[in-house]
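Please consider the following points alongside the sequence and the coordinates.

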Amino acid sequence: KFYVNLTYYVMSDKRALLARVIQFIGTARGKDKPIRFFQYYSKWLKAVCDFLLEKSSNPVYKTLGTKMDNLGSNLSVVRKVLRFGNLAKSYQSVMDNLRSLE
């Protein structure tokens, strides 16, 4: 009986955690944080590849460094588009409020 109760509490905790994660990802901040993490991580990996390329002259590091640089640039564009989406939401709410005043 104790095992059944413990399983129920663990499952309900997982559901609550999943609900919080889904709610967080639904916000603009929740979308921006993971993208920002991977953007800066790719920049860090590019720096590491550049350092290793200086030490060993292995062409694999050059290729990987270029890919990480491109990934960081693309993620930067994605973050800008997401921020523009927030601006569009704000614009829409202002326009709705102005229409309601008429």
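Is Thr66 buried, partly exposed or exposed?

1. Thr66 counts as partly exposed, because its relative accessibility is 42% (buried means under 20% relative accessible area, exposed over 50%, partly exposed in between, with a 1.4 Å probe and protein chains only). Thr66 belongs to helix 3 (residues 59-101). Its C-alpha atom is separated by 9.0 Å from that of Cys49, 17 residues apart along the chain.

2. This is a predicted model, in which local features need pLDDT of at least 70, side-chain atom pairs count only at pLDDT 80 or more, and totals for chains, interfaces and linings use all residues. Residues are numbered from 1 along each chain as its sequence is written, and side-chain values use heavy atoms, with hydrogens and water left out.

3. The mean pLDDT of the chain (the predictor's confidence in each residue, from 0 to 100) is 79, and 75% of the residues score at least 70. Confidence is lowest in helix 1 (residues 2-25), at a mean of 60, and highest in helix 2, at 90. Over residues 1-9 pLDDT stays under 50. Where pLDDT is low, the predicted coordinates should not be read in detail.

4. The chain contains 3 helices and 0 strands (DSSP runs numbered from the N terminus: helices are H or I, at least four residues; strands are E, at least two). Of its 102 residues, 11% are buried.

5. The accessible surface of the chain is about 8600 Å², with 65% belonging to carbon and sulfur atoms (Shrake-Rupley method, 1.4 Å probe).

Conventions:
Contact = heavy atoms within 4.5 Å.
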